[in-house]
Amino acid sequence: MASNLHFCKNNHKSQKVVVVIVPFLAQGHLNQLLQLSCLIASYNNIKVHYVSTKTHNLQAKHRVINYFDSFSKIHFHEFPTPNFISPNPNPNSRIKFPSHLQPSFESSYYLRNPVKRLIQTLSYKYQRVIIINDSLMGSVVQDFVSVPNAEAYTFHSVSAFTVFLFIWERKQRPFPIDPEMLIDLPSLEGCFSPEFERFMEREYECMKFNSGKIYNTCRVIESPFLDLLSKELTNNKEKQWALGPFNPVTFPEKGSHKCLLWLDKQEPNSVLYVSFGTTTSFSDEQIKEMAIGLEQSHQKFVWVLRDADKGNVFTKKSSRKIELPKGFEERVKEKGFLVRDWAPQLEILSHCSIGGFLSHCGWNSCMESISMGVPIGAWPMHSDQPRNTVLITKILKIGIVVKDWANGNELVRSNVVKKSVEKLMASKIGDEMRNRAKKLSVEIRKSVAEGGIKRMELDSFISHITR
């Protein structure tokens with residue numbers, strides 16, 4: 001009798017597979033997994049559920065560049081969490097990791113029970129429930145192990161290079177690798193706050209139950225490191241897929257942001273884009289040095305001048321007014337364009353007048369810059385950024401180091417900014433890097449097209465989860 005009941009219950013599962021996406025509560029992670037949601041939802045008959053808090057869902061939707069036809073197919077779940085404190089960032093902090101976001105990060109623990117209930121509910125309607133969770137959300141989805149027809153895949157928001165080195169070092173360097181890779185390799189010391197290191201440790205403990213790994217990268221960029229990650233000693237026999245880039249690589253129409261209209265009037269490859277992401281705040285003194293260096297370089301620029309996000313980006317903004325040297329804006333008005341709020345980064349990088357990117361080297365920014373064929377002036381601040389700098393400058397050779405991580409908290413003086421900008425934008429070395437970046441971009445575009453390696457990898461993942 002029990003087996004007949006079981007048969008009837010399974011018969012009600014008329015749909016084969018549903019995907020539940022669980023991003024970490026920070027902009028770079030929200031954005032990447034929303035873009036991946038759109039890619040998966042573009043396949044027929046696959047329902048995608050994107051799970052976060054109301055605030056973070058709103059943030060992700062508000063900031064995404066919506067060139068995906070499948071965006072409207074995504075089902076958003078807005079689960080409540082208790083109010084958390086949302087302090088202003090500290091631009092003078094010794095460690096540049098955004099410790100002020102820790103209360104927001106820890107609020108994710110309250111998602112565990114509603115996510116568990118969602119997975120259980122979906123398990124009665126579908127033959128298989130596929131969970132894709134950020135590597136920092138393992139504890140939130142851990143109860144999937146009690147649902148027989150659920151399986152989870154860990155999403156890594158950082159480069160394969162960074163993940164490989166992290167695992168390889170953690171396992172006491174189980175096999176030799178190219179010694180070139182280890183020359184000038186930055187230590188992880190100072191990359192994270194102690195609180196966040198403890199947070200990561202707890203989350204990584206929950207990875208052992210997952211069925212595979214997903215990366216926002218592609219073989220065009222990181223084939224050697226994906227191969228190293230597939231070795232049994234680093235992989236534990238898990239399947240892996242490199243599904244990046246998640247972002248669009250072409251735009252059907254131009255955006256309307258005022259800086260894009262200004263860029264329309266500039267020469268090809270003549271403008272430097274300056275932006276340090278959503279988790280960086282500079283001291284007044286460093287901003288002054290940067291401004292003087294940009295002015296003295298005599299290069300055109302678009303500079304996104306804003307503090308790091310607060311935990312809740314919709315709460316009252318910081319009262320801090322970022323000051324520039326007296327008369328700066330007037331003096332550079334022909335050459336420079338200042339943006340003091342959110343900027344459409346991907347559209348800016350795709351503009352033909354952009355010839356370089358002065359960046360913190362967050363992986364989202366790296367992937368967008370590589371996709372659009374723009375070389376990088378690397379100025380790492382925290383987290384994976386110092387090691388991304390090695391990948392960009394030493395291995396891919398599409399960037400220069402502006403600030404060496406070994407120099408710690410030293411101020412980057414205006415003369416260093418000036419020389420770095422000139423090297424990136426107006427030198428033979430800069431031209432060579434720009435050419436390499438553009439060739440890489442062409443290869444990425446081919447990989448995304450029908451029959452390309454990225455498209456085949458995505459098809460492979462979809463075939464696996466719908467098997």
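Which residue lies over the face of F76, and at what distance from the ring centre? K61 does, at 4.3 Å. The legends below start from that contact.

This is a predicted model, in which local features need pLDDT of at least 70, side-chain atom pairs count only at pLDDT 80 or more, and totals for chains, interfaces and linings use all residues. Residues are numbered from 1 along each chain as its sequence is written, and side-chain values use heavy atoms, with hydrogens and water left out.

**View 1. Lysines over rings.** K61 lies over the face of F76. K231 sits over F175, at 5.0 Å from the ring centre. A charge counts as over a ring if NZ of Lys or CZ of Arg is within 6 Å of the ring centre and within 35 degrees of the ring normal.

**View 2. An aromatic cluster.** Ring pairs link F24, F97, F105, Y109, F192, F196 and F199. Rings of Phe, Tyr and Trp (its six-membered ring) pair if their centres lie within 6.5 Å. The structure has 26 aromatic pairs by this rule.

**View 3. The cavity.** The structure holds 1 cavity of 30 Å³ or more. Helices α3 (54–63) and α4 (102–106) each supply at least two lining residues. The lining has 5 nonpolar, 7 polar and 2 charged residues. A cavity is a set of points on a 1 Å grid over the protein atoms alone where a 1.4 Å probe fits but cannot get out; lining residues have an atom within 4 Å of a point. Volume is the space filled by probe spheres set on the points, which are joined across faces, edges and corners. Ala, Val, Leu, Ile, Met, Phe, Trp, Tyr, Cys and Pro count as nonpolar, Asp, Glu, Lys and Arg as charged, and the others, Gly among them, as polar.

**View 4. A cis peptide bond.** The bond from G244 to P245 is cis, with omega near 0°. P245 is in the loop between β7 (239–242) and α11 (258–263). Helices (H or I, at least four residues) and strands (E, at least two) are DSSP runs, numbered from the N terminus.

**View 5. Positive phi at C361.** C361 is not a glycine, yet its phi is about 70°. The residue is in the loop between β11 (354–359) and α15 (363–371). C361 is buried (under 20% relative accessible area), at 0%.

Definitions and conventions. On a 1 Å grid over the protein atoms alone, a cavity is a set of points where a 1.4 Å probe fits but cannot get out, and a pocket is an open set with protein on both sides within 12 Å along at least five of seven lines; lining residues have an atom within 4 Å of a point. Rings of Phe, Tyr and Trp (its six-membered ring) pair if their centres lie within 6.5 Å; planes under 30 degrees apart count as stacked, over 60 as edge-to-face and the rest as tilted. Buried means under 20% relative accessible area, exposed over 50%, partly exposed in between (1.4 Å probe, protein chains only).
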